[in-house]
Amino acid sequence: MDTNDSKNSDTGKGKSVKRPTFISCAKGINEKNFIGKQIIHLIILVGTQVLLAQRVDFLTLEPVSETWEVGDPTFLHTSRRGAREELNLDIPLGSIKFSGFRFKAISPKGNHIRGATFFVKLAGSAELSAIKPNPAEISDYILTDIDSAMKLLETNGHPEAVDGFRATLLAFNDQRLN
């Protein structure tokens with residue numbers, strides 16, 4: 001099991017952000033006795049660009065993130081709800097795909113979390129015009145190329161988001177990243 005100490009990161013706006021401790025990631029993690037939150041990340045690909053949201057609570061850049069709730073029949077539903085609640089984006093359930101990536105981590109607030117990463121490929125500007133970030137959760141969002149998104153996630157995101165992003169690109173492109 002790999003572990004990294006929590007790190008502080010400068011967001012570029014003069015505020016320091018506590019990053020989570022990364023515990024492990026693998027397909028098929030044994031989760032029977034897990035107590036904690038279940039977090040779903042949704043990577044949104046638009047052509048050759050990636051949408052990243054800046055979270056109000058941690059000032060991090062990351063994919064859409066949502067906590068699974070008892071009323072969500074599946075993690076796909078949680079992903080869809082996250083896009084709707086955070087960005088006002090209504091995504092058809094059938095277009096959301098699982099990347100194969102699962103993770104366990106300690107959140108910046110010290111909570112045990114586990115989760116999974118999903119992705120969706122949007123057609124383009126029609127869906128983007130509907131985006132209206134929920135100011136209670138998202139301060140802003142950006143569309144950027146894949147390489148820039150990876151660098152931004154590595155410096156201003158959570159480790160599990162970085163690894164989930166890599167897994168998504170592998171699932172989407174079926175090729176290895178260095």
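**Close-ups of a predicted model**

Five nonpolar, six polar and nine charged residues make up the lining of the largest pocket. (Ala, Val, Leu, Ile, Met, Phe, Trp, Tyr, Cys and Pro count as nonpolar, Asp, Glu, Lys and Arg as charged, and the others, Gly among them, as polar.) This is a predicted model, where local features need pLDDT of at least 70 and side-chain atom pairs pLDDT 80 or more, while totals for chains, interfaces and linings use all residues. Residues are numbered from 1 along each chain as its sequence is written, and side-chain values use heavy atoms, leaving out hydrogens and water.

**View 1. The largest pocket.** The largest pocket holds about 380 Å³ of space. Of the 20 lining residues, I39, R55, D57, F58 and T67 are the closest to its centre. (On a 1 Å grid over the protein atoms alone, a pocket is an open set of points where a 1.4 Å probe fits, with protein on both sides within 12 Å along at least five of seven lines; lining residues have an atom within 4 Å of a point. The volume is the space filled by probe spheres set on the points, which are joined across faces, edges and corners.)

**View 2. Around R80.** Leaving aside residues up to four places away in sequence, R80 touches L89, D90, I91, L93 and I96 (contact means heavy atoms within 4.5 Å). R80 is partly exposed, at 26% relative accessible area (buried is under 20%, exposed over 50%, partly exposed in between, using a 1.4 Å probe and protein chains only).
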